[in-house]
Number of protein chains: 4
Amino acid sequence: MVPTTTNDASPRGAGRPRDPRIEQAALAATRELLVEVGYARLTVAAVAGRAGTTKAALYRRWPSLPHLVYEAAFPDELLSGWQLGADLRTDLAGIVAGTRDAFTTPVAAAALPGLLAEFSTHPALHNALLTRFAGVFATVDERLRTAADAGEVRSDARSEDLMRLMIGAVLLGVLLGPEQLDDAWTERITAVLLEGVRP
Amino acid sequence: MVPTTTNDASPRGAGRPRDPRIEQAALAATRELLVEVGYARLTVAAVAGRAGTTKAALYRRWPSLPHLVYEAAFPDELLSGWQLGADLRTDLAGIVAGTRDAFTTPVAAAALPGLLAEFSTHPALHNALLTRFAGVFATVDERLRTAADAGEVRSDARSEDLMRLMIGAVLLGVLLGPEQLDDAWTERITAVLLEGVRP
Amino acid sequence: MVPTTTNDASPRGAGRPRDPRIEQAALAATRELLVEVGYARLTVAAVAGRAGTTKAALYRRWPSLPHLVYEAAFPDELLSGWQLGADLRTDLAGIVAGTRDAFTTPVAAAALPGLLAEFSTHPALHNALLTRFAGVFATVDERLRTAADAGEVRSDARSEDLMRLMIGAVLLGVLLGPEQLDDAWTERITAVLLEGVRP
Amino acid sequence: MVPTTTNDASPRGAGRPRDPRIEQAALAATRELLVEVGYARLTVAAVAGRAGTTKAALYRRWPSLPHLVYEAAFPDELLSGWQLGADLRTDLAGIVAGTRDAFTTPVAAAALPGLLAEFSTHPALHNALLTRFAGVFATVDERLRTAADAGEVRSDARSEDLMRLMIGAVLLGVLLGPEQLDDAWTERITAVLLEGVRP
DNA sequence: CACTAATCGAGACGGTACGTCGCGTCTTGTG
DNA sequence: CACAAGACGCGACGTACCGTCTCGATTAGTG
């Protein structure tokens with residue numbers, strides 16, 4: 001997600017360009033404050049102060065605090081680059097662990113509950129997250145189809161279901177705690193899901 | 001959850017008794033407004049106004065707005081009374097469908113995201129929800145142990161994992177939509193979980 | 001001018017009564033800050049801080065900063081109680097000196113320019129000031145008519161003109177400085193006006 | 001008042017010359033907006049927009065908005081060229097009418113209150129106005145001295161006092177309204193002032 | 001004909017104040 | 001006591017305007 005209004009309407013290069021340091025400083029300040037004080041006590045003014053800028057400069061880049069938090073906690077590169085291989089169990093375990101890692105960083109864990117709550121108010125955020133996951137879904141879907149062709153999984157198994165079960169379990173772990181989402185947990189979850197779709 | 005200050009401290013009968021209609025009116029108003037405007041735009045003053053009372057009367061009964069919302073959206077009787085029988089698949093499907101039903105009512109769906117976000121601020125609420133689920137967990141745990149004894153599931157299968165997978169999937173459906181959590185979905189999820197723990 | 005919304009609609013006595021100290025503290029703080037920093041640098045937040053209260057409490061009493069300034073700088077009792085006697089020159093000199101005194105206090109001098117500028121934005125303020133002066137005009141008008149009957153002034157002399165000349169001269173002295181509006185000035189102005197209406 | 005930085009410092013001719021249309025367009029836009037929205041709602045950006053230019057171009061010519069307004073509402077030629085003659089009453093009436101005319105144009109009436117309020121913040125403006133009037137004062141002073149020599153007025157009469165009474169009355173008419181400053185008013189004021197200084 | 005220097009448009013920048021809103025608490029008068 | 005009413009302190013919101021700045025692109029005169 002690129003900060004707002006890099007849209008086509010601008011005549012390209014007109015006006016003083018935005019100070020690129022502000023964007024980075026704002027994202028960093030947001031991450032720091034999320035961990036320090038939590039989402040509920042996070043303030044636009046505090047972010048601006050920590051980033052060494054002002055509220056107006058932030059509102060020029062993000063329409064609201066949740067948008068800034070979203071970009072700070074879930075940057076574009078977060079869920080990219082699954083390296084899938086030949087072994088289905090290894091691949092699945094990697095996906096489970098990767099999802100867990102993405103959601104259990106201190107920043108993401110602090111941001112998630114508040115962010116989920118804002119989805120009804122800011123549909124754009126909602127769509128952004130869905131879009132981001134769409135790629136992952138497609139990747140997993142393809143892997144599963146390959147496995148079905150190889151006779152490793154039932155042909156009617158849905159990657160959508162698997163992903164939702166897995167992501168949901170991670171989400172619940174973050175939201176409700178205090179379940180330890182360690183490697184043993186990853187293995188157990190992988191096992192259930194894998195056996196669940198075996199022919 | 002019983003309205004708060006009706007507990008021990010009261011000298012029992014001193015002063016004017018509380019108007020019992022206020023509590024019901026407040027819960028009803030909260031439910032209506034949750035559906036109409038959503039959690040984010042829900043206001044104590046609005047609830048009081050709709051209920052025909054005042055803010056002070058509400059704060060006499062609930063320590064804060066989230067507590068009121070919690071009780072309005074997740075009353076005590078919500079997750080009680082699973083009738084488990086002999087068939088494991090039927091029992092599991094019932095649990096999945098019951099959880100889905102509890103979380104997908106318009107009121108619960110509107111309240112959930114906001115409520116989850118408040119958990120970090122209001123640990124009491126967090127505990128209340130965990131406690132409520134503890135009973136369900138125990139029930140499922142026992143049913144699973146019975147099934148293990150009967151050789152229907154692996155002996156190392158954890159009910160905790162199953163529950164978190166299942167609840168997480170429901171939660172994700174509510175939070176992210178727009179997946180249809182219909183009966184076909186219930187059957188598919190039940191199947192994956194059931195096969196996932198087969199010996 | 002009484003702080004706002006003491007209007008009839010209220011059922012008289014419902015709700016927590018306003019803290020009377022806040023009103024006095026706000027007026028005092030406004031007077032102090034007017035002298036210390038001037039009208040242009042006067043801030044609602046600063047007044048609230050100095051008065052030991054908050055912006056919201058001030059906005060509950062006055063619709064905007066100019067209204068507060070007006071009441072602080074030109075309280076009801078400011079232009080009341082001219083003691084008119086038998087000697088026309090003495091009476092006129094008293095009126096000139098009284099007007100000068102009312103407009104040259106540090107508070108009034110600091111408030112006047114800014115307040116005059118707000119009249120176009122806040123017609124209510126404009127009317128308030130006009131209403132206040134109306135009483136003075138009537139008093140002077142009557143005195144002049146008495147003098148006309150006694151043959152001391154021309155019968156076509158207008159008190160309106162006299163007052164506007166006199167008030168205007170005071171205002172100009174305050175707005176433009178640095179003319180000394182001392183007692184010699186008062187005598188000279190009185191003399192011009194008095195001779196100006198002699199038969 | 002000449003636009004600012006066209007003074008000494010310029011090396012005369014280096015760089016792109018200023019577009020002369022911008023100055024006129026800015027003054028015209030300021031006059032229009034003053035009448036349309038008033039001083040309080042007058043914005044640098046709005047003036048620039050109406051004038052078809054930008055804020056920076058305006059700040060290159062005037063140090064701040066009040067300076068621009070001052071020049072737009074009170075151009076140099078405003079109070080110049082009194083032709084005084086032999087008859088004192090005619091001369092005085094001309095001065096009164098001329099001052100009234102200068103201050104009661106829609107543009108001047110809209111600009112005056114705000115401009116007066118800025119005098120404390122912008123002493124340069126204050127001085128500019130005082131300087132402008134200084135010429136008028138000198139003219140009137142000389143005319144009065146001539147009249148004194150001719151025995152038409154008391155020798156101790158001060159032109160300063162007369163001018164302040166007269167200007168003040170005009171100012172009050174503009175600031176407070178709604179007194180009609182018509183020709184009858186001019187005659188009455190002239191009469192009071194003239195009789196006020198008769199021997 | 002390049003070079004220099006100031007202007008142009010556009011729009012972001014730091015700063016500051018605005019007026020509003022919601023929270024959870026309190027202080028009245030009236031049952 | 002509870003209740004209706006509404007003020008209270010607190011703190012954040014998102015907006016608006018100021019006067020300055022930094023761009024790339026013009027538009028002269030100068031070397």
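This is a predicted model: local features need pLDDT of at least 70, side-chain atom pairs count only at pLDDT 80 or more; totals for chains, interfaces and linings use all residues.

Author: Leaving out residues up to four places away in sequence, D:F103 touches D:F74, D:A108, D:A109, D:L112, D:F133, D:I167, D:V170, D:L171 and D:V174. D:F103 belongs to the largest nonpolar core, a set of 129 residues. Inside that core, C:F103 and D:F103 are the residues with the most contacts. In soluble globular proteins, nonpolar side chains tend to be buried together.

D:D91 sits in helix α5 of chain D, which covers residues 88-104. Is D:D91 buried or exposed? Its relative accessibility is 6%, and buried means under 20%, so D:D91 counts as buried. What is around D:D91? Beyond its neighbours within four places in sequence, D:D91 is in contact with D:Q83, D:L84, D:G85, D:A86 and D:R143.

Next, the fold of one chain. Chain A has nine helices and zero strands. Its pattern along the sequence is α-α-α-α-α-α-α-α-α. The C-alpha trace of chain A spans about 60 × 40 × 30 Å along its principal axes. Of the 199 residues in chain A, 51% are buried. Consider the contacts in chain A between residues at least 6 apart in sequence. Of these, 70% join residues at least 24 apart.

How do the chains go together? Start with chain A and chain B. A rotation of 178 degrees, with 0.0 Å of shift along its axis, superposes chain A on chain B with an RMSD of 0.4 Å. The two copies are therefore related as by a two-fold rotation axis. Of the interface residues of chain A, 97% are also interface residues in chain B, so these copies meet through the same surface.

Then take chain D and chain C. Chain D is superposed on chain C by a rotation of 178 degrees with 0.1 Å of shift along the axis. The RMSD for this pair is 0.4 Å. Of the interface residues of chain D, 95% are also interface residues in chain C, so here too the copies meet through the same surface.

Some chains do not meet. Chain A and chain D do not touch, and their nearest C-alpha atoms are 11 Å apart. Chain B and chain D share no contact either. Their closest C-alpha atoms lie 33 Å apart.

How many residues surround DNA strand E? The number is 42, and the closest are A:T53, A:R61, C:Y59, D:T53 and D:R60. Several helices each supply at least two residues of the surface near DNA strand E. They are α3 (55-61) of chain A, α3 (55-61) of chain B, α2 (44-51) and α3 (55-61) of chain C, and α3 (55-61) of chain D.

Individual contacts show both kinds. A phosphate oxygen of DNA strand E is 2.4 Å from an N or O atom in the side chain of A:R61. Another contact uses the backbone: a polar backbone atom of C:V44 is 3.1 Å from a phosphate oxygen of DNA strand E. At a base, the side chain of B:K55 has an N or O atom 2.9 Å from a base oxygen of DNA strand E.

Sugar and phosphate make up 66% of the atoms of DNA strand F that come within 4 Å of the protein. The side chain of A:Y59 has an N or O atom 2.3 Å from a phosphate oxygen of DNA strand F. For the side chain of C:T53, the distance to a phosphate oxygen of DNA strand F is 2.6 Å. A base takes part as well: a polar side-chain atom of B:R16 lies 3.0 Å from a base nitrogen of DNA strand F. The elements that give two or more residues to this surface are α2 (44-51) and α3 of chain A, and α3 of chain B, chain C and chain D. The residues of the surface near DNA strand F divide into 17 nonpolar, twelve polar and 14 charged.

Methods: Residues are numbered from 1 along each chain as its sequence is written. Chains are lettered from A and ligands numbered from 1 in the order in which they are written. Side-chain values use heavy atoms; hydrogens and water are left out. A residue is near a molecule or strand if one of its heavy atoms lies within 4 Å of it. A polar contact is a pair of N or O atoms within 3.5 Å; within protein, one must be able to donate a hydrogen and the other to accept it, and residues adjacent in sequence count only if both atoms are side-chain atoms. Helices (H or I, at least four residues) and strands (E, at least two) are DSSP runs, numbered from the N terminus. Buried means under 20% relative accessible area, exposed over 50%, partly exposed in between (1.4 Å probe, protein chains only). Contact means heavy atoms within 4.5 Å. Copies are superposed by least squares on the C-alpha atoms of residues with pLDDT of at least 70 in both. A nonpolar core is a set of buried Ala, Val, Leu, Ile, Met, Phe, Trp, Tyr and Cys residues joined through side-chain atoms within 4.5 Å. Ala, Val, Leu, Ile, Met, Phe, Trp, Tyr, Cys and Pro count as nonpolar, Asp, Glu, Lys and Arg as charged, and the others, Gly among them, as polar.
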